[in-house]
Number of protein chains: 2
Amino acid sequence: MAGESRQWTAALLVIGDEILSGRTQDKNVAQVALWLNHHGIRLSEVRIIPDDIGRIAATVNELRAAHDYLFTTGGIGPTHDDITVDAIAAAFGVPVVVHPVARKILEHYYRGRPGGLTDARLLMARVPQGAELIPNPSSGAPGIKIENVYVMAGVPGIAASMLEALTGKLEGGLPIVSVTVGARAPESDVADLLRETEAANPGVAIGSYPFFKDGRYGANFVIRSEDGDLAKRTGDELSSKLREAGYEPVEGGL
Amino acid sequence: MAGESRQWTAALLVIGDEILSGRTQDKNVAQVALWLNHHGIRLSEVRIIPDDIGRIAATVNELRAAHDYLFTTGGIGPTHDDITVDAIAAAFGVPVVVHPVARKILEHYYRGRPGGLTDARLLMARVPQGAELIPNPSSGAPGIKIENVYVMAGVPGIAASMLEALTGKLEGGLPIVSVTVGARAPESDVADLLRETEAANPGVAIGSYPFFKDGRYGANFVIRSEDGDLAKRTGDELSSKLREAGYEPVEGGL
């Protein structure tokens, strides 16, 4: 590796009965993971918990202490089940206040819309005291940043636009580069070869992800490293070994 | 409610660098959640952690103590990154042994296939001492049950077939019934109405899930209860209130 670099880590807390009931398929884990990787921050843990103030507050305090960054998704809308702001405030031991800029944003957003800025909509201007805002280009109501905690919407499109607004603003390390090689090999046939290739290349991790497609077994082998050249060289080495073993490697994966 | 019933809970531990890197979209959370609900067991927590023996073992011990059941997915294949069995054994403080029945299953499965039962494939017969097997109708290598911990494959199709094999075998309570009512209402317009409806019907929880579709705002309101009749009555009540407020309710959701 090109020198040791500090490894930055983040946790993601998904707040949502709808995910735990199986009603809604989560889409935030993957998009937050990819965004973090781009910033050289490793997603080190995800938790999904119910809409419960006590559990949210306790989990926030555990995760914000254990990682450089904590992201949360869900529970910041205008209805009675939106309790994330109160839970975060409880975690930090601060009161909830109406943020004057958030109020202005909502006044502007709802000007001319039926009903205007109702009491329910004004709930979306509430933040834990001391918090900053994360812009929300897609639907007005902002996200919230307090210390190392980033509080975002649960609707994936809105969470995406909040991530977009944060792009380039977080300190991180080197992004992890990954090189994928696929083959129509049952992974059990190439297990030794994978182990040897990983052992011969300190600084890389090789993951093996099997599948069954078109009536045949196959696997994708993902080589990850902070050192892009090393990942590339290891990928070439793995491809050669697969070819020697009688499997045609497919760069980029199957 | 028709009498209080004991609430059974489960946690799911997803073991997988590929999920945390964003490379793979998780599909096991939703399918395990739905399967558990069918059995009257509530999925109360999900964690996604990296392929790290120490972290897996510690998390397994935390979650198996806190819930009636713990399910894990991922890391039980034949390659060097498949470390779940070792981690579970470490969590229970028992050695890893080759399970004679699992060995027979694999011998049978690989008879006549190229290579036969190689050393790598035999790794899939390793279990923590004292464990039972979970049949795997789709690809031979079985899952593992030890005390209240159910260890399943990460490939969603294989995890599904292991769940299928477990259907009807776990003790649970009353399944949660959910009734969904949708409306082209911005959720901030109906926040009071939702809060009142939930408060007037003890034993139900109402979730509000907004969306933006076809250029218009809308939301689905999900009423959940162990009492199916109560959920249905509350859904009817909510529909009436939405209609009074000028929104056409859509039973079953939008």
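Author: Helices (H or I, at least four residues) and strands (E, at least two) are DSSP runs, numbered from the N terminus. This is a predicted model, in which local features need pLDDT of at least 70, side-chain atom pairs count only at pLDDT 80 or more, and totals for chains, interfaces and linings use all residues. Residues are numbered from 1 along each chain as its sequence is written, chains are lettered from A and ligands numbered from 1 in the order in which they are written, and side-chain values use heavy atoms, with hydrogens and water left out.

Reader: Thanks! How far apart are B:Arg103 and B:Glu107 in helix H5 of chain B?
Author: They are four residues apart, so about one helical turn separates them. Their side chains meet in a salt bridge (3.3 Å, N to O). By salt bridge I mean a side-chain nitrogen of Lys or Arg within 4 Å of a carboxyl oxygen of Asp or Glu.

Reader: Which helix of chain A holds both A:Asp192 and A:Arg195?
Author: Both lie in helix H8 (residues 191–199) of chain A, three residues apart, about one turn of the helix. A:Asp192 is partly exposed at 45%, and A:Arg195 is partly exposed at 35%.

Reader: How do I read the area that chain B and chain A bury between them?
Author: The size of an interface is often given as the accessible area lost when the parts come together. Buried area is that loss (1.4 Å probe) for two parts, summed over both. For chain B and chain A it is about 4400 Å², 50% of it on carbon and sulfur atoms. In chain B, B:Arg23, B:His80 and B:Ser188 lose the most area to chain A, together 15% of what that side buries.

Reader: How many residues does each chain bring to the contact?
Author: Contact means heavy atoms within 4.5 Å. Chain B brings 57 residues and chain A brings 57 residues.

Reader: Where does strand E2 of chain A (residues 41–49) pair with chain B?
Author: Two strands pair if DSSP finds at least two bridges between them. Strand E2 of chain A pairs with strand E2 of chain B in the antiparallel sense, over three bridges. A:Val46 stands opposite B:Ile48 there.

Reader: What lies around A:Glu45?
Author: A:Glu45 is found in strand E2 of chain A and is buried, at 8% relative accessible area. Leaving out residues up to four places away in sequence, A:Glu45 touches several residues, including A:Leu63, A:His67, B:Leu20 and B:Arg55. The side chains of A:Glu45 and B:Arg55 meet in a salt bridge (3.7 Å, N to O). A:Glu45, A:Arg47, A:Glu62 and B:Arg55 are linked in a network of salt bridges.

Reader: How many bridges join strand E10 (residues 205–213) to strand E11 (residues 216–225) in chain A?
Author: Nine bridges join them, and the two strands run antiparallel. A:Phe212 has A:Tyr217 in strand E11 as its bridge partner. The hairpin of these strands has two residues between them, and A:Asp214 takes a positive phi near 50 degrees there.

Definitions and conventions. Buried < 20%, exposed > 50% of the residue type's maximum accessible area, 1.4 Å probe, protein only.
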